[in-house]
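Here is a friendly walk through one protein model, taken a few side chains at a time. Keep the picture open and look up each residue as we get to it.

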Amino acid sequence: MNILFSINAKFIDLTKTCIRSIIRFDKNIDFYILHHDLNQEHMDDLRNSFLGCTFHFIDFPTSSRYPLEIYYRLFASDLLPDTLDRILYLDVDIVVIQSLKELYNMDFEDNLYIACSHVNERMTHLNAKRLGLNEDVPYINTGVLLMNLEALRKQLNKQDILNYVNTYKKKLVLFDQDVLTALYGDKTKLVDYRKYNLSERMMNFYNLRNPRSKIDLDWVKQNSVIIHYCGRMKPWNGKYIGCLDCFYKELEE
C-alpha cells in the first residue's frame, strides 16, 4: 500500500500521529513524503519511529513558473516514481480508525481520482458558478484522495492547470482543491464521506438533514474509516467541541 503525505517540518508530529493510526490496521506500507524543508534529522526521526515502514522523501522542485503551493496534490503524479500505479493521499490532520484496504483497492472505473465531497447541492451550484463549471460537477474535498497515477500521467496537463489558474486566480479560495475540482471533478469517483472523510461539521450537517437516521459515535466506530479534523477546530489545540476528538485522544494516550 502506498500512502502520500505533503508536509513541511512543523507538521512532523501530526504526521507521526496519523501514521500510528494507520499501522494499527495495515502493514507493509510505503510512505511517500513530499516536502521542501525537511532535514536529515526529520527524516531519521520518522524512519526510527516506525521501523517496520518504508519512507521515501521527495523534495519539491520549486520555481517561479510552478509556485510551491500548486504542487501539493495537483502534480504528485509527476513527482512520484513511474513504478507506482496508485497512491492514497491523506492530509495529516486525519486519524484512521479502520483498515484502509477497501478504499485503497477500489476500482477507479476509468476515473482519475476517488474522493468525497463536503458540500451540499446549493454550495455545489455556487462553486460551479464561481469556478466556471457545469452545475453537476461535484466539489471535491482533497484531504482524502486516491490517485490513479497511471491515468494521471497520461491525462494531467500542466499547461491546462496554469491556464485555468491565470483565468480564475482572483476567484480561487482553496487553491488546489478549486483547481482539481474545476479540471478533474468530472473525472472523480465519489465515495461516502461518512465512511472515508468524516468531520465533526459533516456529521452535524448529516444529522440535521436526516433527523430520522442520525449517526452517533457508536455508528462511527462501526462504520467509519477516516476521521478528518478539518477546519479550525483541532483536538490538539484544546478547544474542540464535539465527540470525534476521542479517536485522537486514544492515540495520544
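Glutamate 252 has a relative accessible area of 43%, so it counts as partly exposed. Keep in mind that this is a predicted model. Glutamate 252 has a salt-bridge partner, arginine 20, and the closest N and O atoms of the two are 3.0 Å apart. Arginine 20 is partly exposed as well, with a relative accessible area of 30%. Where do these two sit? Arginine 20 is in helix H1 and glutamate 252 in helix H12, so their pairing ties together parts that are 232 residues apart in sequence.

In general, side chains of opposite charge can pair when their charged atoms come close. This structure holds 13 salt bridges, and here are three of them:

| Salt bridge | Closest N to O |
|---|---|
| Arginine 20 and glutamate 252 | 3.0 Å |
| Aspartate 245 and lysine 249 | 3.1 Å |

Arginine 73 lies in the loop between strand S3 (54-59) and helix H3 (76-79), while aspartate 91 lies in the loop between strand S4 (86-90) and strand S5 (94-96), so the pair ties together parts that are 18 residues apart in sequence. Are they buried or exposed? Arginine 73 is buried, at 11% relative accessibility, and aspartate 91 is buried too, at 18%.

Now for aspartate 245 and lysine 249. They are 4 residues apart in helix H12, so about one helical turn separates them. Aspartate 245 is buried, with a relative accessible area of 9%, whereas lysine 249 is partly exposed at 44%. Back at arginine 73, salt bridges with shared partners join Arg73, Asp91 and Asp176 into one network.

Some charges gather on the surface instead: Glu121, Glu135, Asp136 and Asp186 make up a patch of negative charge there. Aspartate 186 sits in the loop between helix H8 (175-184) and strand S8 (188-190). With a relative accessible area of 55%, aspartate 186 is exposed.

On to the rings. The structure holds 10 aromatic pairs. One of them brings together phenylalanine 5 and phenylalanine 31: the ring centres are 5.9 Å apart and the planes are at 10 degrees, so the pair is stacked. It links distant parts of the chain, with phenylalanine 5 in strand S1 (residues 2-6) and phenylalanine 31 in strand S2 (residues 30-35), 26 residues apart. Both phenylalanine 5 and phenylalanine 31 are buried. Tyrosine 229 and tyrosine 248 make an edge-to-face pair, at 6.4 Å centre to centre with 80 degrees between the planes. Tyrosine 229 is in the loop between strand S9 (226-228) and helix H12 (245-252), and tyrosine 248 is in helix H12, so this pair ties together parts that are 19 residues apart in sequence.

Last, a look at the backbone. Asparagine 28 has a phi near 55 degrees, a positive value in a residue other than glycine. Asparagine 28 lies in the loop between helix H1 (12-23) and S2, and it is exposed at 68% relative accessibility. Glutamate 109 also has a positive phi, near 50 degrees. Its place is in the loop between helix H4 (101-104) and strand S6 (113-116), and glutamate 109 is partly exposed, with a relative accessible area of 48%.

Methods:
Residues are numbered from 1 along each chain as its sequence is written. This is a predicted model: local features need pLDDT of at least 70, side-chain atom pairs count only at pLDDT 80 or more; totals for chains, interfaces and linings use all residues. Side-chain values use heavy atoms; hydrogens and water are left out. Patches are made of residues with over 30% relative accessible area and no salt bridge: like charges are joined within 9 Å, nonpolar side chains (Val, Leu, Ile, Met, Phe, Trp, Tyr) within 5 Å. Accessible areas come from the Shrake-Rupley method with a 1.4 Å probe; for residues, only the protein chains shown count as cover. A salt bridge is a side-chain nitrogen of Lys or Arg within 4 Å of a carboxyl oxygen of Asp or Glu. Lys and Arg count as positive and Asp and Glu as negative; His and the chain ends are not counted. The place of a charge is taken as NZ of Lys, CZ of Arg, CG of Asp or CD of Glu. Helices (H or I, at least four residues) and strands (E, at least two) are DSSP runs, numbered from the N terminus. Buried means under 20% relative accessible area, exposed over 50%, partly exposed in between (1.4 Å probe, protein chains only). Rings of Phe, Tyr and Trp (its six-membered ring) pair if their centres lie within 6.5 Å; planes under 30 degrees apart count as stacked, over 60 as edge-to-face and the rest as tilted.
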